[in-house]
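Hi everyone, thanks for making time today.

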Amino acid sequence: MIGKNLQKINQQIALACSRAGRSPEKVKIIAVTKKFSPDAIKQALELNITDLGENRIQEAVPKIEQLPEGITWHFVGHLQTNKAKEAARYFSLIHSLDRYSLARELQKQAEHLSGEIRQPVRALVQVNVSGEDSKHGLEPRELKDFLDEVHRWEALNIEGLMTMAPYVEDPEEVRPVFRRLRELRDSLAVTGLELRELSMGMTNDFPVAVEEGATMLRIGTALFGPRE
Ligand SMILES: *Cc1c(COP(=O)(O)O)cnc(C)c1O
């Protein structure tokens, strides 16, 4: 089942890439495993999916500890400051850096990581492009000042931007959200802030996100089926 789903997703990515003149190799699937069982996750691993995403520390840490090494774990949910330590310890990339106080805490935790796991914390800055009250993230106009500051911090590597589009029936409606994130990335590049990654697109809207330049898709339902 998961194998068939993955095939279908890969086909849709390939089609979207050909419409946009992009290479599918530049688009990574993050399998969002929240609320899915270790069994389902093991099936995904057998299909060579090695990038997995979780959105809650309490749920993720026991899963991470019982699954094999060699998985690249992505934290995609809202991160409370008091969970920054575990996020830094267990996750390779944090997609949801959305405020200065969290950046400070992640930097501090990265400095305190010990031994072989000591390395900069890698993060994407979450941007609230759609402006919905319910969404976390910096406002687009806050982005430049924020990055100018945190970019200089040695123990924190900012590698890109992330956004969540509103849920809509017709994904064409959220194309402007994805386009805006890409334009923000491009305008920052002009000022010397190179950000490679654009984490955008979920089950409902990922082909449109690919057309608009997504480099990381966060996909749960289309791969594993509906959550309980
Ligand atoms: C759950 C979740 C996803 C995946 O959602 P699906 O609609 O199941 O693909 C992506 N991003 C975030 C932040 C999530 O919490």
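Before we look at any contact, one term: by a polar contact I mean a pair of N or O atoms within 3.5 Å. Please also keep in mind that this is a predicted model.

With that in hand, let's start at T203, where a polar side-chain atom lies 2.5 Å from an oxygen atom of the ligand. R227 has an N or O atom in its side chain 2.6 Å from a ligand oxygen. For K34, the distance from a side-chain N or O atom to an oxygen atom of the ligand is 2.7 Å. How much of the ligand's accessible area does the protein cover? On its own the ligand has 390 Å², and the protein covers 90% of that.

So where does the ligand sit? Its place is the second largest pocket, which holds about 440 Å³ of space. That pocket has 23 lining residues, and those nearest its centre are K34, M164, M202, R218 and R227. By type, the lining splits into eight nonpolar, ten polar and five charged residues.

Now for the shell around the ligand itself.

Notes: Residues are numbered from 1 along each chain as its sequence is written. This is a predicted model: local features need pLDDT of at least 70, side-chain atom pairs count only at pLDDT 80 or more; totals for chains, interfaces and linings use all residues. Side-chain values use heavy atoms; hydrogens and water are left out. On a 1 Å grid over the protein atoms alone, a cavity is a set of points where a 1.4 Å probe fits but cannot get out, and a pocket is an open set with protein on both sides within 12 Å along at least five of seven lines; lining residues have an atom within 4 Å of a point. Grid points are joined across faces, edges and corners, and a volume is the space filled by probe spheres set on the points. Ala, Val, Leu, Ile, Met, Phe, Trp, Tyr, Cys and Pro count as nonpolar, Asp, Glu, Lys and Arg as charged, and the others, Gly among them, as polar. A polar contact is a pair of N or O atoms within 3.5 Å; within protein, one must be able to donate a hydrogen and the other to accept it, and residues adjacent in sequence count only if both atoms are side-chain atoms. Accessible areas come from the Shrake-Rupley method with a 1.4 Å probe; for residues, only the protein chains shown count as cover. A molecule sits in a cavity or pocket if more than half of its atoms lie within 2 Å of its grid points.
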